Amino acid sequence: MPELPEVETTRRKIEPLLLGRTILEVQHDAPHKYRDTHLAAGRRVTGLSRRGKYLMLHLAAGDAAHDQDPAVPHDLEFIVHLGMTGGFRLESGKHTRVTLRTDAGDLYFDDPRRFGKMAVVRPGEYAGMPTLAAMGPEPLSDDFTEDEFIALAAQAGAVKPWLLSQKPVSGVGNIYADESLWMAGLHPTQTRLTREEAGRLYHAIRDVMGRAVEAGGSSLGQGQGNYRQHDGLSGLFQHAHNVYGKGGEPCPRCGTPIEKSVVAQRGTHHCPQCQPVRREQA
């Protein structure tokens with residue numbers, strides 16, 4: 001958390017607050033976590049986009065003194081990774097780590113567990129962010145094609161860690177991997193998917209991610225790390241979860257108790273009846 005649906009919801013919600021606004025200052029006390037954010041000062045936000053779990057503010061040159069420096073490019077990207085517990089808020093709180101001051105008011109970045117990161121970079125220069133640089137296609141875009149996904153899946157290792165790597169498709173994290181694998185009827189440790197299995201998973205990913213985005217993502221429990229939108233509202237997709245967070249509860253498809261295990265160091269939920277392990281044939 002947050003995964004693609006939560007980050008996309010964040011983008012949609014804060015876009016009206018930032019689009020066309022000039023960033024006056026980025027205040028924080030952790031330059032190693034929020035790199036080169038001083039370069040955003042004096043620049044206008046010309047767009048907000050998302051790549052997988054990364055939020056991107058597109059910045060055009062303004063009147064700041066550093067914009068006259070030929071070593072500083074005209075356009076920049078302000079990259080935000082929310083980490084496990086990061087999110088924007090309208091008011092400052094005890095977990096506020098970054099204050100984004102604009103000519104229309106302040107926006108606050110809260111992050112109880114401090115895993116969020118920010119960086120201002122030249123457009124497309126992601127060498128310092130290897131996951132972003134090597135990320136696969138967006139699951140709801142035309143670039144995510146069934147044939148290419150099937151070809152990659154035929155040689156993949158355990159399917160859940162493969163999805164979490166972000167290489168076959170971007171933005172699928174722990175929650176949505178479990179939900180997609182349940183929908184496709186695949187065990188999280190299954191390897192080398194057949195064409196038919198990979199096709200089922202491809203369509204499951206598109207379905208799950210599409211519904212999750214429209215529901216505003218998932219909000220889990222009441223802890224400090226619980227995802228909330230910037231205005232305090234919760235996502236709603238947790239009410240549509242079939243397996244994630246439901247260990248011991250009956251599978252909504254067959255009634256078998258959902259099992260919880262650890263796969264790739266992540267809590268994993270699956271139905272042992274609907275998602276059996278397919279043994280490799282010799």
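Let's start with a strand pair: S4 (residues 54–60) and S5 (residues 76–81) run antiparallel, joined by six bridges. Strands here are DSSP runs of E with at least two residues, helices are H or I runs of at least four, and both are numbered from the N terminus; two strands pair if DSSP finds at least two bridges between them. This is a predicted model, where local features need pLDDT of at least 70 and side-chain atom pairs count only at pLDDT 80 or more, while totals for chains, interfaces and linings use all residues. Residues are numbered from 1 along each chain as its sequence is written, and side-chain values use heavy atoms, leaving out hydrogens and water.

**The sheet**
- Five strands make up an open, mixed sheet, in the order S2-S9-S5-S4-S3.
- At the edges sit S2 (34–35) and S3 (44–51), each pairing on one side only.

**Arg 44**
- Arg 44 belongs to strand S3.
- Its relative accessible area is 40%, so Arg 44 counts as partly exposed (between buried, under 20%, and exposed, over 50%, using a 1.4 Å probe and protein chains only).
- Beyond neighbours within four places in sequence, Arg 44 is in contact (heavy atoms within 4.5 Å) with residues including His 58, Leu 59 and Ala 60.

**Helix H6**
- The buried residues of H6 include Leu 201, Ile 205 and Val 208.
- Those buried residues pack against helices H1 (4–18), H3 (146–153), H4 (159–164) and H5 (174–184).
- After H6 comes Gly 216, with a positive phi near 80 degrees.
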